[in-house]
Amino acid sequence: MLFKNGEKILFTGDSVTDAGRARPVGIVGGLGSAYVAVISDFFGAFCPEMRLPVYNTGVSGNTSRDLLARFDEDVIALQPDTAVILIGANDVWRQYDYPDYTERHVYPEEYEQNLRAMIDKAQSAKIRVILMTPFYIEPNREDPMRKRMDEYGEIVKKLAKEYGVLCIDLQKPFDKYLQYRYPAFVVWDRVHPNRIGSMLIAREFLKAVGFDGFW
């Protein structure tokens, strides 16, 4: 497994990570109702011999611009061993639900710059980085927002390769799932997964960090 006993694992991002977590920092029962809580529960159930504290600093509505602005306080200052970053849904979404308010848009060039700055900050602080791609739970790859989200996902993959960090492609498990179920079964707006969608994210993360034998 990627993690060693005693390592602190911090998840940060937007509402997909936030999911009603406690303030100022979500821990234990305050990890929210989505994938972060599932992962923490998995550690507790199947790794009782290890101490793997999980922290959640996701903030609903955040873009990568917002996350970068609070990165020092909500990631670096907490001194995690690993920072897991899932951001980008709102960078794309604001281009479609608020098309006239361009000041709220985060276009690909800035998105890449923001992510790059976060990785640089984390690595300078000796924090391991794990990147997860944003996703859109829509099977039609020609749908404008799905197509745009895929573009942002490719930026994440490119940076992960450049920096040599683990990248977890979250679009892939949803695409596979959508071969059998309609999007509304796992998400009401194609962005915020329900408990089933959260399980899919958690499983993909756990497989990527070394729990593949459980599946």
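Tutor: Take Asp169, which sits in the loop between strand 6 (166-168) and helix 7 (171-177). The model shown here is a predicted one. Is Asp169 buried or exposed? Its relative accessible area is 18%, and the limit for a buried residue is under 20%, so Asp169 counts as buried. Leaving aside residues up to four places away in sequence, Asp169 touches Thr133, Lys157 and Glu204. Another aspartate, Asp81, lies 88 residues from Asp169 along the chain, and the C-alpha atoms of the two are 21 Å apart.

The protein chain holds eight helices and six strands. Read from the N terminus, its elements follow the order β-α-β-α-β-α-β-α-α-β-α-β-α-α. The C-alpha trace spans about 50 × 40 × 35 Å along its principal axes. For 215 residues, a compact globule would have a radius of gyration near 17 Å, and the 16 Å of the protein chain agrees with that. Of the 215 residues, 52% are buried. Contacts between residues at least 6 apart in sequence can also be sorted by separation: 76% of them join residues at least 24 apart.

On the side of helix 2, the contact is made by Tyr35, Val38, Ile39, Phe42 and Phe43. On the side of helix 8, the residues are Ser198, Met199, Ile201, Ala202, Phe205, Leu206 and Phe211. Sorted by class, this contact has 11 nonpolar residues, one polar residue and no charged ones.

Helix 4 (residues 89-97) is mostly covered, with seven of its nine residues buried. Those buried residues are Ala89, Asn90, Asp91, Val92, Trp93, Arg94 and Gln95.

How do helix 4 and helix 6 pack? Their angle is about 150°, with the axes 10 Å apart, and their crossing is right-handed. Ala89, Asp91, Val92, Trp93, Gln95 and Tyr96 in helix 4 meet Pro144, Met145, Arg148, Met149 and Tyr152 in helix 6. The residues of this contact divide into eight nonpolar, one polar and two charged.

Helix 3 contributes Ser64, Arg65, Leu67, Leu68, Phe71 and Asp72 to the contact, while helix 5 contributes Glu110, Tyr111, Asn114, Ala117, Met118, Lys121 and Ala122. By class, the contact of helix 3 with helix 5 has seven nonpolar, two polar and four charged residues.

Some other loops carry backbone features worth noting. Most residues other than glycine have a negative phi, and most peptide bonds are trans. Gln79, in the loop between helix 3 and strand 4 (82-86), has a positive phi near 50°. With a relative accessibility of 63%, Gln79 counts as exposed. Lys126 lies in the loop between helix 5 and strand 5 (128-132). The phi of Lys126 is positive too, at about 65°, and Lys126 is exposed, with a relative accessible area of 73%. Pro24, in the loop between helix 1 (15-18) and strand 2 (26-27), is joined to Arg23 by a cis peptide bond with omega of about 5°.

Definitions and conventions
Residues are numbered from 1 along each chain as its sequence is written. This is a predicted model: local features need pLDDT of at least 70, side-chain atom pairs count only at pLDDT 80 or more; totals for chains, interfaces and linings use all residues. Side-chain values use heavy atoms; hydrogens and water are left out. Contact means heavy atoms within 4.5 Å. Helices (H or I, at least four residues) and strands (E, at least two) are DSSP runs, numbered from the N terminus. Ala, Val, Leu, Ile, Met, Phe, Trp, Tyr, Cys and Pro count as nonpolar, Asp, Glu, Lys and Arg as charged, and the others, Gly among them, as polar. The radius of gyration is taken over C-alpha atoms; the globule rule is 2.2 Å times the number of residues to the power 0.38. Buried means under 20% relative accessible area, exposed over 50%, partly exposed in between (1.4 Å probe, protein chains only). Axes are lines fitted to C-alpha atoms, for helices over the stretch in contact, and angles run from 0 to 180 degrees between N-to-C directions. A crossing is left-handed if the near helix is turned anticlockwise from the far one by less than a right angle, and right-handed if clockwise.
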